Amino acid sequence: MNGRRPWWKTVVGVLLTIVMLFPVYWMINVSLTPATEMRKSPPNLFPVHATFEGYQAVISQQLPYLGTSLLIGLGTVLLTVAIAAPAAYSLAKLRPRGRGALNFVLLIAQMIPGIIMAMGFYAIYLNLGILNSVWGLVIADSTLAVPFGVLIFSAFMSGIPDELLSAAKIDGAGTWRTFRSIVLPVSRNSIVTVSLFAFLWAWSDFIFSSTLNSGGALQTITLGIYKYIGNNNQEWNAIMATAVVASIPAAVLLVIAQKYVAAGVTAGAVKD
Amino acid sequence: MTTTQTAPQGAVRDQSGAAGTAAPPRARRRRSGQWAAWAFLAPVVVYLIVFYAFPLYRNIELSVRDYTVRSFVQGDAPFVGLDNYFKVFQNPTFGPAILHTGLFTVISIAFQFTFGMALAVFFHQNFRLSATLRALFLVPWLLPLIVSASTWSWMLNSDSGVVNSALHAMGLPAVNWLTSPDWALTSVIIANIWIGIPFNLVILYSGLQNIPTELYEAAALDGANGWQKFWRITFPLLRPVSAITLLLGLIYTLKVFDIIWIMTRGGPGMSSTTLATWSYQLGFASTLPDFSPAAAVGNVLIVIALIFGVIYIRTQRKQELA
């Protein structure tokens, strides 16, 4: 498109990116710094005496937390897709009466602050005696993603050509069969987008795990880090090493699924 | 390339504005079709009632009764009407919490939006590596908030933080970022701006992609410089997208809790307390939790969020019709 591509813009772009990502670099740098140099002034800008003692601490102390978060993330993805995809198909293609109202409710639902949901869930779970359970946390985490999921899916599914669906109908497929054999396979991209965000939000959740699951046997990695900060605020290399490990899903997503991520960010806000 | 997978052109417009457009032959099948349509919707409707409406109802109930730890379990708390709300309004923390919520939200958004806009315009110039660098800018937004917050905590540490060490190298005095009441709110705002820039960048960038390049070419022929192009073309044409970005930012920023709680716990004193952290502190962070006032504070927050939420939805509808 542009004939000339001035190199200095690339240089400025790289410099801006370095400034922006400095905190991420610093997290990695501190995670490799030996405890003896942690309070050195000025701090080493590079990990000159790199040590993996922080990461050893992660492996010996934080693995169960990581496992729990993985489990909760996957559970949240399954629940979110199972609830959101059929609903979106209906909203996009089956023209149910009252869909305008439902769309409105879904938009509003996304705006409710987490602390309020946490308080309500806490009261309910306490009375039911299901505080500190993994599936209770999965349900709470899924509330972060279900409305978003329905909106993303229905935006995508209304782009599926009607001819495709009526062809299936002529071949004798019922609504459920059409959904399962045509709509779901065609919507693969949006399933990836919704799953990514559902996983990431469940993985990153702090407010629900700290209110609904703070005393359970299985605790999440965000709570693991939080307790680390509270308990031994001297071992910052271990804290930052845990932070680095907790960031891996985000990094993986960005590398393998960048276009889905960008699509998810935009789809919520910009329609055309 | 950002908008290709989801939201095909006009997709959402179809759902919101097309009540009576079904073709006449379809009308006969309508009734059985409604059954199927609602069968597919049933799970999400049940879900919304049980896992959204019920917790919200429970929250309102908490706020109009006087719950203690014991009555919380037994469920026999006396009804007190709006007493909890009056108590909250008269509490010395209420004023500062509202002020900090407002400052936190407005200052964060002003900077996020300005930086996001500048970066979007910059990255829109399609230089070498621009796509890769733009992707890297997403990192802060994707990191778990507890990771970002704890990293910033250590960077802003008074004695060993890299920020104070940089200030020292420039001959400036050290700042007690997280431990001084004068700086705590500024510190959490800085961290929050950093986290919010990518979101603004991505949305504004996708808005820029929809501005026809011919406009810029015509302006260039007329001898417009970069600054004039921005203020005469980009900025006016980006106004709808900007409105949406600002409103969404407002709704997201109002409810920020994790960053503030992890970095300062709303302190020192109440110098960085917002409605969200205050509510959490009342309900979960003390040995004798005050669930009822906590729920009341939460409900004040929800009212504010919903006011902007409705403005957002109306703005979006108006743009889809236009």
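1. Is Leu129(B) buried, partly exposed or exposed? Leu129(B) counts as partly exposed because it has 15 C-beta neighbours inside 10 Å; by the convention used here, a residue is buried if 20 or more other C-beta atoms lie within 10 Å of its own, exposed if 12 or fewer, and partly exposed in between, with C-beta atoms placed from the backbone. Leu129(B) lies in the loop between helix H5 (94-123) and helix H6 (130-136) of chain B, and its phi is positive, about 75°, although the residue is not a glycine.

2. On provenance and numbering: this is a predicted model, in which local features need pLDDT of at least 70 and side-chain atom pairs count only at pLDDT 80 or more, while totals for chains, interfaces and linings use all residues. Residues are numbered from 1 along each chain as its sequence is written, and chains are lettered from A and ligands numbered from 1 in the order in which they are written. Helices (H or I, at least four residues) and strands (E, at least two) are DSSP runs, numbered from the N terminus.

3. In chain A, a positive phi of about 60° is found at Asn132(A), which is not a glycine either. Asn132(A) sits in the loop between helix H6 (114-128) and helix H7 (134-157) of chain A, and it counts as partly exposed because 16 C-beta neighbours fall inside 10 Å.

4. For the interface, 97 residues of chain B are in contact with 100 residues of chain A, contact meaning that the C-beta atoms of two residues, placed from the backbone, lie within 7 Å. Helix H2 (residues 30-64) of chain B gives the most to the side of chain B that touches chain A, namely 19 residues. That side of chain B comprises 63 nonpolar, 27 polar and seven charged residues, where Ala, Val, Leu, Ile, Met, Phe, Trp, Tyr, Cys and Pro count as nonpolar, Asp, Glu, Lys and Arg as charged, and the others, Gly among them, as polar.

5. Arg65(B) is placed in the loop between H2 and helix H3 (69-74) of chain B, and it counts as buried because it has 21 C-beta neighbours inside 10 Å. Leaving aside neighbours within four places in sequence, the contacts of Arg65(B) are Ala77(B), Pro78(B), Phe79(B), Val80(B) and Ser292(B); Ser292(B) is 227 residues away in sequence, yet the C-alpha to C-alpha distance from Arg65(B) is 6.7 Å.

6. Within chain A, the axes of helix H3 (residues 53-61) and helix H13 (residues 236-246) come within 8 Å and cross at roughly 65°, axes being lines fitted to C-alpha atoms, for helices over the stretch in contact, with angles running from 0 to 180 degrees between N-to-C directions. H3(A) and H13(A) are therefore roughly perpendicular to each other; angles under 35 degrees count as roughly parallel, over 145 as roughly antiparallel, 65 to 115 as roughly perpendicular and the rest as oblique. The residues of this contact divide into seven nonpolar, three polar and one charged.

7. The axes of helix H2 (residues 22-31) of chain A and H13(A) come within 7 Å and cross at roughly 130°, and H2(A) and H13(A) are therefore oblique to each other. By class, their contact has eight nonpolar, two polar and no charged residues.

8. Helix H15 (residues 275-284) of chain B is mostly covered, with nine of its 10 residues buried, among them Trp278(B) and Tyr280(B). The cover over the buried residues of H15(B) includes H6 of chain A, together with H5, helix H14 (258-264) and helix H16 (291-321) of chain B.
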